[in-house]
Amino acid sequence: MNQPVATPTTPPRRKPRVHRELVVSLAQRILGGELAPGTTLVEAELCEHYGVSRTVTREAFKVLESKGLLKTRMRIGTQVQPESEWNMLDPGLLAWAEGRLFSPEFVNSLMEARGILEPAAAEMAARNATAQDLATLEDAYLRMCDSLGRDEAAWCDADLAFHTALLAASHNHVFMHLAGAIRAALHVLFELTLHHGSAHDVALKQHGQIVEAIRMRDPVAARAASESLLNRTSNDLGAARGAQP
């Protein structure tokens, strides 16, 4: 059965002349559904459409293959892959998707993963955190305090730094690597709940409870505080999804 072949439907707003622009353009067409799974990308047609060389096109294909969007096979060509093959935690992919990847199913999966990881990390941090770990965690918490009600972007950045530091403070090497893997996804989640979440002062208090439990070397309290925070976050995400048109 012949697969559909990608053909430009409308001219691009401007012809990208550099590798990155071609990567982003193709990625957004795939993520947006214009280039459906199974679509074959014809190198010569893309070169003509975008005004780029074969070398630039092939390099773009390699980047998109590394993110699971494309697959090149001998005698078949380069085809768009199904969503199940996409690297959903890739920072570039999340940025190009502009929130489109955050289906209810993906958000629920991410929150389930956080529900397993973060309470365990908080418990481990209460046992294993060094003075430097605690200082890093407290610094992120204080930046959240400073930005409360004043600077939403700074709040998101500090919140992300807090949760990254929490996983690192566990001193579990797998958790520490996962912190980098889910960092971009967490940032999008924090932005999603920013305008629909419960009072920020409540969230701030819960973050402070995690810090205090770790400082007091109380693993049970640290786990409980993390679980309480994640329960509130789940409620905020439900409110955010309900408010979307």
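**Sheet and helices, term by term**

Mentor: This is a predicted model, in which local features need pLDDT of at least 70 and side-chain atom pairs count only at pLDDT 80 or more, while totals for chains, interfaces and linings use all residues. Residues are numbered from 1 along each chain as its sequence is written, and side-chain values use heavy atoms, with hydrogens and water left out.

Trainee: What makes β1 and strand β3 a pair?

Mentor: Two strands pair if DSSP finds at least two bridges between them, and β1 and β3 (residues 77–80) have 2 bridges, in the antiparallel sense. Within this pair, T40 stands opposite Q79 in β3.

Trainee: Why do β1 and β2 stand at the edges?

Mentor: The open sheet has 3 strands in the order β1-β3-β2, with antiparallel pairing. β1 (40–41) and β2 (70–73) each have a single partner strand, so one side of each is left without a neighbour in the sheet.

Trainee: Why are α1 and α2 called roughly perpendicular?

Mentor: The axes of helix α1 (residues 19–31) and helix α2 (residues 43–50) cross at roughly 115 degrees and come within 12 Å. Angles of 65 to 115 degrees count as roughly perpendicular, and the two helices are therefore described that way.

Trainee: Which residues of α1 and α2 meet?

Mentor: L22, S25, L26 and R29 in α1 meet L46, H49 and Y50 in α2, where contact means heavy atoms within 4.5 Å. The residues of this contact divide into 4 nonpolar, 2 polar and 1 charged.

Methods
Helix = DSSP H or I, 4+ residues; strand = E, 2+ residues; numbered from the N terminus. Axes fitted to C-alpha atoms, helices over the stretch in contact; angles between N-to-C directions. Parallel < 35°, antiparallel > 145°, perpendicular 65-115°, else oblique. Nonpolar A, V, L, I, M, F, W, Y, C, P; charged D, E, K, R; others polar.
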